[in-house]
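Reader: I would like a close look at one part of this model, with the rest of the chain as context. Please give the cut-offs as you go.

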Amino acid sequence: MTWTIPNILTVLRLLAAPGVAVMFLYFFRPWADWLAMLLFVVAAITDWFDGYLARLWKQESRFGAMLDPIADKAMVVIALLVITGFSGMDPWILLPATVILFREVFVSGLREFLGDKAGTLKVTKLAKWKTLLQMVAIAVLFAKGIFEHNLIERTVGMDHATVQGVLSGGIPDEVGLVWNMQAAIYTWWIGVGLLWIAAALTLVSGIDYFRKSLPFFREDTP
């Protein structure tokens, strides 16, 4: 394996995947959300750069082709576990996350079963789109955590009546409660919507891979 820049970017993206979860172990929120989102977004951007640079510099390798989808899956799976946890197992998050995790495990199992015939399950444009949507949805949901905890921090020392008065417009909003609440609501529903769309594309691409693998399930297949 040659340590080209594309391969180094892929390895760094793989290492960044558990780093997203580690942010919540060593930092308080919303700093953990900020750092996790920044780490995730930077790692997601390298997903485009490593492939682009590999093609541009003619540095495509078997190592990169093997590790690239693993790094993508690790990023998405770990980030979804974190988001599912801090969302309190909300079904709006849990259900699409379950579909995505199930599909990734299922397709990985198919590739392992096919062995040297796994080339049949080449990455499709649909699979690339679902990965992009997954990453955008996850980044937006991390942003929701930032706004939510900014809101919590700004209500420290306020009683319930004061908070309600500010949010209803009866009391001047001097600390930004209203816009943080609105941002938290919008990023939540946008993130959830994108995650459901990503889950639908994930399911369709998984069915497509299964359909392509069906001929190899015949007992007479060499």
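In which helix is tryptophan 48 found?

Author: Tryptophan 48 is in helix H2, where helices (H or I, at least four residues) and strands (E, at least two) are DSSP runs numbered from the N terminus. The model is predicted, with local features needing pLDDT of at least 70 and side-chain atom pairs pLDDT 80 or more, while totals for chains, interfaces and linings use all residues. Residues are numbered from 1 along each chain as its sequence is written, and side-chain values use heavy atoms, with hydrogens and water left out.

H2 covers residues 31–56 and supplies the largest share of a nonpolar surface patch, 6 residues. Trp48 belongs to this patch together with Ile5, Val41, Ile45, Phe49, Tyr52, Leu56 and Trp57, and the area comes to about 770 Å². Patch residues have over 30% relative accessible area and no salt bridge; like charges are joined within 9 Å, and nonpolar side chains (Val, Leu, Ile, Met, Phe, Trp, Tyr) within 5 Å. The areas come from the Shrake-Rupley method with a 1.4 Å probe, and for residues only the protein chains shown count as cover.

Proline 30 sits in the loop between helix H1 (5–26) and H2. Further along, the loop between helix H3 (62–86) and H4 holds methionine 89, a residue other than glycine whose phi is positive, near 60°. Most residues other than glycine have a negative phi, and most peptide bonds are trans.

H1 and H3 are also linked. The side chains of arginine 13 and aspartate 72 form a salt bridge at 3.1 Å, N to O (a side-chain nitrogen of Lys or Arg within 4 Å of a carboxyl oxygen of Asp or Glu). Arginine 13 is in helix H1 and aspartate 72 in helix H3, so the pair ties together parts 59 residues apart in sequence. The whole structure has 7 salt bridges.

Helix H4 (residues 91–114) and helix H5 (residues 125–154) have axes that come within 13 Å and cross at roughly 145°; axes are lines fitted to C-alpha atoms, for helices over the stretch in contact, and angles run from 0 to 180 degrees between N-to-C directions. Ile93, Ile100, Arg103 and Glu104 of H4 make the contact with Ala127, Lys130, Gln134 and Leu141 of H5, contact meaning heavy atoms within 4.5 Å.

As for the whole chain, there are 7 helices and 0 strands, and the C-alpha atoms fill a box of roughly 75 × 40 × 30 Å along the principal axes.
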